[in-house]
Amino acid sequence: MLRRRINRLLGGDEGRVHSRTIYVGQKSCPPNEAFIPLKFCDNRIVSSKYTVWNFLPKNLFEQFRRIANFYFLIIFLVQVIVDTPTSPVTSGLPLFFVITVTAIKQGYEDWLRHKADREVNEYPVSVLEDGRRIRKQSEKIRVGDIVEVEEDETFPCDLILLQSSREDGTCFVTTASLDGESNHKTHYTVPDIESDLQYLSATIECEQPQPDLYNEQQSVHVTFWPCSALTGPAANQYLKMFTDFLSFMVLFNFIIPVSMYVTVEMQKFLGSFFITWDKDFFDPEIKEGALVNTSDLNEELGQIEYIFTDKTGTLTQNNMEFIECCIDGFQYRHREDSSELDGVCVTDGPVNKVQQKAGTEREELFLRALCLCHTVQVKESTKNGQDQIDQVDGLGADEEVLHPTHKERGFIASSPDEIALVQGAMRYGFTFLGLESKNMKILNRNKDVETYELLHVLNFDPVRRRMSVMVRSKTGDILLFCKGADSSIFPRVRQEEVERIRMHVERNATDGYRTLCVAYKHLSAEEYANADAGLREAKLALQDREEKLMNVYNKVETDMTLIGATAVEDQLQDEAAQTMEALQVAGMKVWVLTGDKMETAKSTCYACGLFKKNTELLELTLRTLEDGGRRREEKLHDLLLEYHKKAVQDAPPVKLGITRSWSGASHGFGFIIDGASLSMVLSSSSESNSSLYKNLFLQICQNCTAVLCCRMAPLQKAQIVRLVKNSKGSPITLSIGDGANDVSMILEAHVGIGIKGKEGRQAVKNSDYAIPKLKHLKKLLLAHGHLYYVRIAHLVQYFFYKNLCFILPQFLYQFFCGFSQQPLYDAAYLTMYNICFTSMPILAYSLLEQHICIEVLLDNSTLYREIAKNAMLRWKLFLYWTALGLFHGLVFFFGVRFLFSNPALQDNGQVFGNWSYGTIVFTVLVFTVTLKLALVTRHWTWINHFVIWGSLAFYVFFSFFWGGIIWPFLNHQRLYFVFANMLSSVSAWLVIILLILLSLLPEILLVVLRKPRGPHARQMKRRLPSSGTSTIFMLSQTASTHSFSWSD
Amino acid sequence: MMASSYNAKEEDGPHSGSSRHSGTGAAKNKKPDNTAFKQQRLPAWQPILTAGTVLPAFFVIGLIFIPIGIGLYVTSNNIKEFEIDYTGLELGSPCHDCSKNFTWNSTTPCVCALNFTLEQPFESNVYMYYGLSNFYQNHRRYVKSRDDSQLNGDPRSLMSASKECEPYRTSTETKEPIAPCGAIANSLFNDTLELFYIEPNGTTTAVPLAKKGIAWWTDKHVKFRNPVKDKENLTELFKGTAKPVNWRKPVYELDPLDPENNGFINEDFIVWMRTAALPTFRKLYRIIHKKPSTTSTLPSGRYTLKVTYNYPVHSFSGQKRMILSTISWMGGKNPFLGIAYITVGSICFFLGVVLLIIHHKYDTRSNSADIPN
């Protein structure tokens, strides 16, 4: 049982003191010191926004800060104060409704936050107080408390490690909940702490808390508990532009009614539930489905043009497996059923069958190197060696990996690669037993325990890209084992060995494996003494410690002998290749942004099908830049121009539509750039060049089917996303990633998607949507995104349409009433039109419509292209809806106008007045817009039926009811029996039927004439790629090896 | 050939039930329910409108609408209507003097008589309308200038009318509340029209004009009510109120002979209070009931319209008309509906034919396209 006693450190910020002093264990300070009682804030976590008391004022203030709400408030106030045709109720009621609905929604979300806060705050922790152990709630921890944290528990606050249950005073901490890194970091106890903490009396001095997580200048690590800061979602630009335009028309007050905002909000809010509910997104492994953090971006999912994906953990599983190794140029592959032929050597099966290939000596040296050169810890120190072996054997045989922690049970390491290597060595007979008081124990093939004294660990760092250990064997030999990236090892070994292994390494890299080279070196006593002294000196240095250490490292790690190389597979995610293929066919451009090295990333791209065999790769990396011996800047300039010529100028003009996929797939370009080159492109020395390079770079990238950016720092990822986001046409971007290093690009892109992977929750917290696996992206975009986009586009346009034909008769009536702003419709109708009579059908439609069913959408990725580039909110469609609204408005008004040229419409000679006029128009209006929606609806569930026919029935019922009673609280009884009288008139019936039919006639005609685009035709297309495109399809098949299936 | 598919996905039915029952463990709240609704798999009817489905509809609509239209048109044409303008704008017009001299302030009524001839006899009930032109009864300020609770007999509103009635709320002289208040009531149409038939032998007989049944039944019996207090007469009930400025006589003297038609429930008043939709309108004035004998209600011949000219329209250059009309099941004479029905029916029929041709051509083309495949 690993147990750590850790002291709590700090709370919030107070005062501008440079450092703060904390008294450990709440013991009072020595009496001779002036005691300044510092006030620290408590340990409560508050991510909620409101309390019960401030909810109403604060929420109202927040809401009226929105320009739309404020506008409607002003309209309402104007109506209250000034004499206007409509009563304040007509705008006050919807506004009240909006405010209430939003308040309830926000209140509910805040209640959820409160609940989450409470869960964290009331989490029980053990605290040592006055020598006793007390269970406390997490929120009651005070600064200076001594907290006991057990294994696998989450820290309730920031802590300093005082004591550990491990003998060596260490503990392993993952910072997954802070920055998403699931690697174990070793922490040491504060030295010179007596074992009995009950009587510990100490103070801690540390700097004031800082908001910057990574600012580790001081000896004390200062961190905050993370408050998930959900930044506002990227503005939905298309919708915004559209509504901006429409806001000019707001002047005629009902064109954009308050209720449109409500309906859009409700549609988004409710619609997002379908993502969380989707069982296809449920992952049995982590027992979770998709998560929607913001519902404002549902329709953006249908507009994605660029996908930026992380590699590790997103495209790949981050599940390392030792695949093969190469010793002295001979390949060892651990696969029983492998029958792969290799160009270099044919070596299959377990290592002991192919001993003739490499000398046993070398083999064992290599395996020892694997066993020794790492920082892996064995998790449970077992006294009984035999137990350990059994356990290890069991693990090795157990191929079925159910859960990642299952596999890693025995080992803890800061990198999954290391575990894979140790396990790989274990497979070949060398087992690492653990580190006991500076002695590393290895169980070799003969089941003998070998002991090595660990002298120094030359830690891994990303600059050197290698790590080494120095050990002294039983015989007294001092050995240095080094492993690292090929590029960092090859220059440091004797050159004659390199060629044999380089081939393996490169082949492995193109197969998508992560490769490491292993080298060793015998150190003479003298050499060691020098190195030892250098290291000790460097370690004690107070200034430039890192630099000095590096120098020593570099000095020691020279003239080594290359033993071999390893290949570790980072397995692809389930259906990663299919998903990428589908997304590309859907017209999205996939960019891989990774921190990994180029070769590995490239191979992953090949494995995912992002690069194909015939893809021409354009490389812009340090390697290509340093070719030819010219200055990098010049070379960069030339390369950019050359690639631009190749990919942009000489490329056939890109056309929208299906043809693009064929031409693009048959002869595509792939672009590769690394971090260093990117920073050169983006921050060129001269200003003019900089923008030129940026443009060239963008144009090249936009003409490539896939782009790979490797060796990216997290901020560079965001930089690229921003570059594309702000490029011409401002395409909609999507970032997907799983780790903390992807957070920046997730936040930067329009749509950020987090994968609920192994690397913590940081990406998920910062994302707009979180899905368990990469493969779910396909359905999320192709099905959900497509449907949401079509739904919201229809919703917005329909709303505009129905209010246009609602308001137009009202407007026309002004010509007949002396421009006196006399309302045509009764106030109740004005108010209820958007709230009750016509809102539910469109809401149901916008939640349930599937103009193409989900299976078809998933099978035919090309359908996504049909809605690309905001195809449904373009001018053409907008004009269509406007024309329709105008036509309907004119028909309604003038139809009734001509009828009323003789207002004696009843068979007893009695006449109708202005309210009858309005009611007839309104009845026609309600029926027409509802039936128009019915005509558009392609997917009639019982809810649609219920809501559409229910709305109409409700209208009739309401009209009877409203006109059936003398309302005691109203001044006016305008509609008293108007509706009933209207229905008693045959002429009114006839005109209503005529006008509804006349209005819908063009619509029906259009639907019929548009027939070839209907689902019927699509079904035909599925069987054989329809007559129009089949020739292209065949041509492209003959022209290239690329094969594409319409449906799998 | 209704090309629609009923797309029920039955696989969810039994599954969803069982999974929900079995999943009562810890995973229940995490695993999404496999219900048809949540998985967006609700059984759905997916109608597909094709030329084939719509074609018959077009023909049916055409075939129904055209006869209806013809029926309406014929009906409208059979309605007899006679209209005479008595504004008196022209010099020779009998009412010219009245129109010129008369204002709201005139105390003595001006009477004029117009002669006209009905070429054809009017059968059945004949309805007498008065028509006004250029009178914006639908002006916003005008429309709202009334107090429906006062008209409904609410005693409180009687004495203190709604603010909407301003400036016709209280009398400027006596400070008493006006009943009925408001601009609509104030501008009540108060011309008296009488109709005389000049028989071929020269004798003049008055045509009996019924003044009941011209207002909506619900208006007359529910919406408009005289204020009720015990059994006092109307004069007492309206005591303390002033008559509208433009009125000659108070509201309780609108029809002194018939208590059922006096006060707020006077039908002429009720008809006037139903504001017209358009600036040119007609309102029902009287009904000439058909005679029990076989003779026409209004036989053809010469008539005299005697107008007591009380209503000045000169100020807003309006015009006044008297209309005699018979009524059919569709109301008064209006050829619009008939023409519209015939037009729409024809368009549908025509579109049906066009679609048929297109459909036919399209079909053959797609058939021929199918052959090579």
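In the predicted model, F55(A) is part of helix α1 of chain A, which spans residues 55-64. The C-alpha atoms of F55(A) and D110(A) are 9.7 Å apart in space, although 55 residues separate the two in sequence. When neighbours within four places in sequence are left aside, the contacts of F55(A) are with Y50(A), L60(A), A103(A) and G107(A).

A further link between separate parts of chain A is provided by a salt bridge between K756(A) and E288(A), whose closest N and O atoms are 3.0 Å apart. Because K756(A) is located in the loop between β28 (751-755) and α26 (762-766) of chain A, and E288(A) in the loop between α7 and β10 of chain A, this pair ties together parts that are 468 residues apart in sequence. Over all chains, the structure holds 38 salt bridges.

The loop between α7 (273-277) and β10 (291-292) of chain A also contains K287(A), a residue that is not a glycine and yet has a positive phi of about 55°. Most residues other than glycine have a negative phi, and most peptide bonds are trans.

The interface of the two chains was examined next. Contacts are made between 86 residues of chain A and 79 residues of chain B. The size of an interface is often given as the accessible area lost when the parts come together. For chain A and chain B the buried area is about 7,200 Å², with 63% contributed by carbon and sulfur atoms. Of the area that chain A buries against chain B, 9% is supplied by W277(A), K279(A) and L994(A), more than by any other three residues.

With regard to polar interactions, 24 residue pairs in polar contact, both residues being at pLDDT 80 or more, were found across the interface of chain A and chain B, whereas the rule for salt bridges finds one such bridge across this interface. In that salt bridge, R41(B) is paired with E855(A), and the closest N and O atoms are 3.6 Å apart. Helix α36 of chain A (residues 986-1009) contributes 14 residues, the largest share of the side of chain A that touches chain B. When the residues on this side of chain A are sorted by class, 46 are nonpolar, 27 polar and 13 charged.

Rolling a probe the size of a water molecule over the atoms shows where empty space is left. A search of the whole structure finds ten cavities of 30 Å³ or more, and the second largest cavity has a volume of about 80 Å³. The lining of the second largest cavity is drawn from both chains, with W915(A), H972(A), Q973(A) and R974(A) among the residues from chain A, and V143(B), R146(B), D148(B), K223(B), M273(B), R274(B) and T275(B) among those from chain B. By class, this lining has three nonpolar, three polar and five charged residues.

Technical notes. Residues are numbered from 1 along each chain as its sequence is written. Chains are lettered from A and ligands numbered from 1 in the order in which they are written. This is a predicted model: local features need pLDDT of at least 70, side-chain atom pairs count only at pLDDT 80 or more; totals for chains, interfaces and linings use all residues. Side-chain values use heavy atoms; hydrogens and water are left out. On a 1 Å grid over the protein atoms alone, a cavity is a set of points where a 1.4 Å probe fits but cannot get out, and a pocket is an open set with protein on both sides within 12 Å along at least five of seven lines; lining residues have an atom within 4 Å of a point. Grid points are joined across faces, edges and corners, and a volume is the space filled by probe spheres set on the points. Ala, Val, Leu, Ile, Met, Phe, Trp, Tyr, Cys and Pro count as nonpolar, Asp, Glu, Lys and Arg as charged, and the others, Gly among them, as polar. Contact means heavy atoms within 4.5 Å. Buried area is the accessible area (1.4 Å probe) that two parts lose on being put together, summed over both. A salt bridge is a side-chain nitrogen of Lys or Arg within 4 Å of a carboxyl oxygen of Asp or Glu. A polar contact is a pair of N or O atoms within 3.5 Å; within protein, one must be able to donate a hydrogen and the other to accept it, and residues adjacent in sequence count only if both atoms are side-chain atoms. Helices (H or I, at least four residues) and strands (E, at least two) are DSSP runs, numbered from the N terminus.
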